[in-house]
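Subject: Structure handover, aromatic contacts

Hello,

Here is the structure for your files. Notes on its aromatic rings follow below.

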Amino acid sequence: QVHLVQSGAEVERPGASVKVSCKASGYTFTKDFMHWVRQAPGQGLEWMGLINPGNGDTMYARSLQGRLTMTRDTSTSTFYMELSSLTSEDTAVYYCARRYCSNGVCVYGGDAFDIWGQGTVVTVSS
Amino acid sequence: QSVLTQSSSVSGAPGQRVTISCTGSNSNIGAGYPVHWYRQLPGTAPKLLIYGTTNRPSGVPDRFSGSNSGTSASLAITGLQAEDEADYYCQSFDSSLTAYVFGTGTKVTVL
């Protein structure tokens, strides 16, 4: 059974950085892109970016470029999302979500997200 | 603000049919990128309901169906049940932003 298990809640000061992990199990780690999505309190879902676990290539939302870094560790089947220069507007629940391709065929821009982590609450407060 | 616009809320009595719309543009839905739909219960992660605009993952009842037309897509729920009370989001890709995008979200209330 496929599982994504995320690290625990974090409280950070403005200006600091946070690193959230997402450990994958139950499938071939390098097979599927991993996306990160966040949700501010009472707000909608915001796509942050994705990483190709096979080669480490990334694609980030323009609004977060320069502050966001996604990495992976193939030896432990773990993905990481690090966000720097935090402000109160980064307070949110952060999710990792596995790519799902229609009929097993993956095309650019076609990703859905079929398996989600449980979410990690990140609070930015002085 | 999202490039995919949804009605903020819809409601219906048990057993009724409700439809949620997702309005985009020629750089996302209108460009042929597939639309996917998610249901999110309070305090939980979203769950995939519809992928590739019209397809249901295994385990999702056929009460849920998706469609699209031009620059818009829709999710229909028939035989509305109390457990359907949740937030629903559409999702696609935008070529102008070079990014995956979510709709603004719709709250479904079962009367």
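**Charges over rings**

In this predicted model, Lys19(A) lies over the face of Tyr80(A), 4.9 Å from the ring centre. A charge counts as over a ring if NZ of Lys or CZ of Arg is within 6 Å of the ring centre and within 35 degrees of the ring normal. Arg98(A) sits likewise over the face of Tyr27(A), at 4.7 Å from the ring centre.

Residues are numbered from 1 along each chain as its sequence is written, and chains are lettered from A and ligands numbered from 1 in the order written. Local features need pLDDT of at least 70, side-chain atom pairs count only at pLDDT 80 or more, totals for chains, interfaces and linings use all residues, and side-chain values use heavy atoms, without hydrogens and water.

**Ring pairs**

Over all chains there are 13 aromatic pairs (Phe, Tyr or six-membered Trp rings with centres within 6.5 Å; planes under 30 degrees apart are stacked, over 60 edge-to-face, the rest tilted). Phe29(A) and Phe79(A) form a tilted pair, 4.5 Å centre to centre with 35° between the planes. Phe29(A) is buried at 7% relative accessibility, and Phe79(A) is buried at 0% (buried is under 20% relative accessible area, exposed over 50%, partly exposed in between; 1.4 Å probe, protein chains only).

Phe113(A) and Tyr38(B) are stacked, because their centres are 6.1 Å apart and their planes at 20°. Phe113(A) is buried, with a relative accessible area of 0%, and Tyr38(B) is buried, also with 0%.

Ring pairs link a cluster that includes Trp47(A), Phe113(A), Tyr38(B) and Phe102(B).

Regards
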